[in-house]
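Hello,

My notes on it follow below.

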Amino acid sequence: MTLALAAASAAGAEDEAARARRIHADLIGVDSHIDTLQRVINQGVDLSRRQPGSHVDLPRLKESGMVAPFFALWAPMYYQGGEAVRRTLQMRDAMQSLFDAHPDQIELATTAADVRRIAGTGRIAAVLTVEGGHQIADDLAILRMYHRLGVRSMTLTHFRNNNWVDSSTDRPRHGGLADFGRQVVREMNRLGMIVDVSHVSDQAFYDTLKVTTRPVIASHSSCRALSDVPRNMTDDMIRALARNGGVISINFGAGFLNARDAEALRQRIGAMAATEPALTGRALDEFNAADYIREFGQMFPASATLEDAVAHIDHAVKVGGIDHVGIGSDWDGINSVPAGLEDVSKMPALTEALLRRGYIEGDVRKILGGNLLRVLEEVTGR
Ligand SMILES: [Zn+2]
């Protein structure tokens, strides 16, 4: 390489870092899955201040431009029936306390217009999701009340089958989506709630697409072609999701991204399914807190790097098209993170890598939020 060429490419690299910073300065970044609320209810973390032990807090969300995260109200599946409903209300209450204490930093968003308005005033627009379907206790009335409480998306199940849909990490029981599951999808369509197909079995995914009249999302799944875990999407599923108008949001968990980390993820999922405490009320909540801290209290080393996340985004774009890929980091719900992408503050580095790969600014903005905002608008209305 000549000196002049070396100087030119160094200038180009600088240029991409500067362009990434500029994009993130006014970005409406949408992340369709973060588990940060678990740190609030299990560890008493105050999100209004910097939390070095978490992947996400309000100051870092704002600085990174990822201003519209989907906060997951996640109750593990050992919360059953009314217990799952109680836990969900407790988490909704914790979000409300955050809204009430810090209206200058965060507000509930129930439409795409809300997201744009709240982001326009320099605050975090919180979209609420429920993970997963067991939390409605097999009752559409509960689903409707969650909608009235501002919930705008629901993952149909979690690591195990529930009474009406099969999980990707359990032995099939319903052969996909059962009759009541079809009713749930139709009711979510009618209410204006995004159906989230992360965690469902492949058959349940295709069954859901047959029923839904609106775009669906895989809120935190990556590409199975690159990391072969059942939680990721096959190329055929990515194409089907694109035809539906939906979005696959890339999960940053190391096992989702890198084949060398996938075995650890498989073991983790196996161990999770084995946990079945016979507890209720506060004792169950205490069990959950200890369980969460045991699993997510420290990060485990990984082979995955930021380049793996870029490779998954690139693969999903090639297979499904630029309008059908988003970000679903799973921050605070993963226990090993890629080098270079350790928390939300590193998002500009991801953008820089995409720019270096030749992605134009408009396409980067679609991936970082535009596509998910479009689905939110199509499902919840303006
Ligand atoms: Zn999940």
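**Around Asn371**

Setting aside neighbours within four places in sequence, Asn371 is in contact with Val247, Ile322, Asp323, His324, Val325 and Lys366 (contact means heavy atoms within 4.5 Å). Asn371 sits in helix 15 (residues 361–380). Helices (H or I, at least four residues) and strands (E, at least two) are DSSP runs, numbered from the N terminus. Asn371 is buried, at 2% relative accessible area. Buried means under 20% relative accessible area, exposed over 50%, partly exposed in between (1.4 Å probe, protein chains only).

Before you go on: this is a predicted model, in which local features need pLDDT of at least 70 and side-chain atom pairs count only at pLDDT 80 or more, while totals for chains, interfaces and linings use all residues. Residues are numbered from 1 along each chain as its sequence is written, and side-chain values use heavy atoms, with hydrogens and water left out.

**Zinc site**

Which protein donors does the zinc ion have? They are Glu131 (OE), His199 (NE2) and His220 (NE2), lying 2.1 to 2.2 Å from the ion. Donors are N, O and S atoms within 2.8 Å of the metal (3.2 Å for Na, K and Ca); water is not among the atoms, so sites may look incomplete. The spacing in sequence is E-x67-H-x20-H. Glu131 lies in strand 4 (residues 124–131) and His199 in the loop between strand 6 (194–196) and helix 8 (202–211), 68 residues apart. Glu131 is buried, at 1% relative accessible area. His199 is buried too, at 2%.

The largest pocket has a volume of about 330 Å³. Of its 20 lining residues, Ala264, Arg268, Glu295, Phe300 and Asn335 are closest to its centre. Helix 11 gives the largest share of this lining, 6 residues. The second largest pocket holds about 210 Å³. Its lining includes His134, Asp138, Arg160 and Asp170.

On terms: on a 1 Å grid over the protein atoms alone, a pocket is an open set of points with protein on both sides within 12 Å along at least five of seven lines; in a cavity, a 1.4 Å probe fits but cannot get out; lining residues have an atom within 4 Å of a point. Grid points are joined across faces, edges and corners, and a volume is the space filled by probe spheres set on the points.

**Cavities**

The whole structure has 4 cavities of 30 Å³ or more. The second largest cavity has about 110 Å³ of space. Its lining has 16 residues, with His158, Phe159, Arg268, Asp330 and Gly333 nearest its centre.

Best wishes
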